[in-house]
Amino acid sequence: MVFGTLEERLQEAASAYPPDFEKMEQLLRDGADINAYTEDDTLLSELICGYSVDYEEEGEERDGRYLPELVRFFIEHGYAAEERGGAHGGQALQALSWASYDRYILDAAKLLLDAGADPLYREEEQSVLEWIGTKTSAAIPVEDSLEDECLFWVLYDILEAKSKGEPYRGIDWYDVVLGKRIEGVYSAADTLEEAVFCFATERGNRRNCFKSNLVLDCEGILLSVTHYCHAYLNPYQIPPAEELIDLSGSLGMLVGRRIEQIDFETFCSEKGRVRLHRSELRIRLDDGSCFYVSDNGDCQNEEYCAMFGWRSQSERGE
């Protein structure tokens, strides 16, 4: 099957920035098939693939802000996720891995899952869930992007939760806590000794290390900070409040400050033919200080973990 003239015009109207929803409505009334598909893609999956954050036209950079609206429009006008053995929903979900590389792919994914898209839809020997896992593991080695790795990690958690019949709506991107005040800092470890520890390496002692997630209570919204230098929301993986360990003794300087910005960065070096990576997450606060998490990357013969620290405004020098 190939797209007819009406479908091509529908695709053109949907590709506008913002999408021309009025024209799309008219084309559907004229007979355009919203469930049209080719040998490889549906009309919607092709559109999703084109939502690149790097797209520029006449000096204007595009992000994915209209992507959820576009997905919602298709669903509300009859896009059938279960059609062709689930291919319509599965292909649209997988297309998100080539979309805007920003938080909007998470919103679009939830809309597709709500409409019946199956994260376990399998095509070419790999399910959508497995494919997103591949994208997650390749984000740093291929793209040198810790932020993309974190984004796909969150998308993976959303799809995995759906595949298990578990709630997924509350899994979200870190930007939900921007501007929020930190009211408490906790650890998901079993004991205080496991929450924060120190161990010796060939390069000297690593202090303030952790492997279990740190949890920042941001006005009631719980932000998880992992030893992979990720920061995102997944309330379903956080133990009950009474089981969390209070880290106010180690991280009390964070309490009362607002989160202004969160940055991700990777550092690469060459050792012979081996490319080594190290990651750092920075949570910038309203007083100019910065809480940071830095992993030990690809260092050999070391326990993989992260180290946290705090820099005052005068110490940052960034």
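## Second largest pocket

The second largest pocket has a volume of about 310 Å³. A pocket here is an open set of points on a 1 Å grid over the protein atoms alone, where a 1.4 Å probe fits and protein lies on both sides within 12 Å along at least five of seven lines. Its volume is the space filled by probe spheres set on the points. Of the 16 residues lining this pocket, Asp40, Asp41, Gln94, Glu123 and Glu124 are the closest to its centre; lining residues have an atom within 4 Å of a point.

Helices α3 (43-49), α5 (83-95) and α7 (128-143) are the elements that give two or more residues to the lining, and α5 supplies the largest share, 4 residues. Helices are DSSP runs (H or I, at least four residues), numbered from the N terminus. By class, the lining has 6 nonpolar, 5 polar and 5 charged residues. Ala, Val, Leu, Ile, Met, Phe, Trp, Tyr, Cys and Pro count as nonpolar, Asp, Glu, Lys and Arg as charged, and the others, Gly among them, as polar.

## Basis of the model

The model is predicted: local features need pLDDT of at least 70, side-chain atom pairs count only at pLDDT 80 or more, and totals for chains, interfaces and linings use all residues. Residues are numbered from 1 along each chain as its sequence is written, and side-chain values use heavy atoms, with hydrogens and water left out.

## Helices α7 and α8

The axes of α7 and α8 (residues 146-163) come within 8 Å and cross at roughly 160°. Axes are lines fitted to C-alpha atoms, for helices over the stretch in contact, with angles from 0 to 180 degrees between N-to-C directions. The angle makes α7 roughly antiparallel to α8 (over 145 degrees).

Residues in contact (heavy atoms within 4.5 Å) include Ile132, Thr136 and Ile140 of α7 and Phe152, Trp153 and Tyr156 of α8. The contact residues divide into 11 nonpolar, 3 polar and 4 charged.

## Helices α6 and α8

Helix α6 (residues 104-114) packs with α8 at an angle of about 10°, with the axes 10 Å apart. The two helices are therefore roughly parallel to each other (under 35 degrees). On the α6 side the contact is made by Ile105, Leu106, Ala109, Lys110 and Leu113; Phe152, Leu155 and Leu159 are among the α8 residues. By class, this contact has 10 nonpolar, no polar and 2 charged residues.

Key: Angles under 35 degrees count as roughly parallel, over 145 as roughly antiparallel, 65 to 115 as roughly perpendicular and the rest as oblique.
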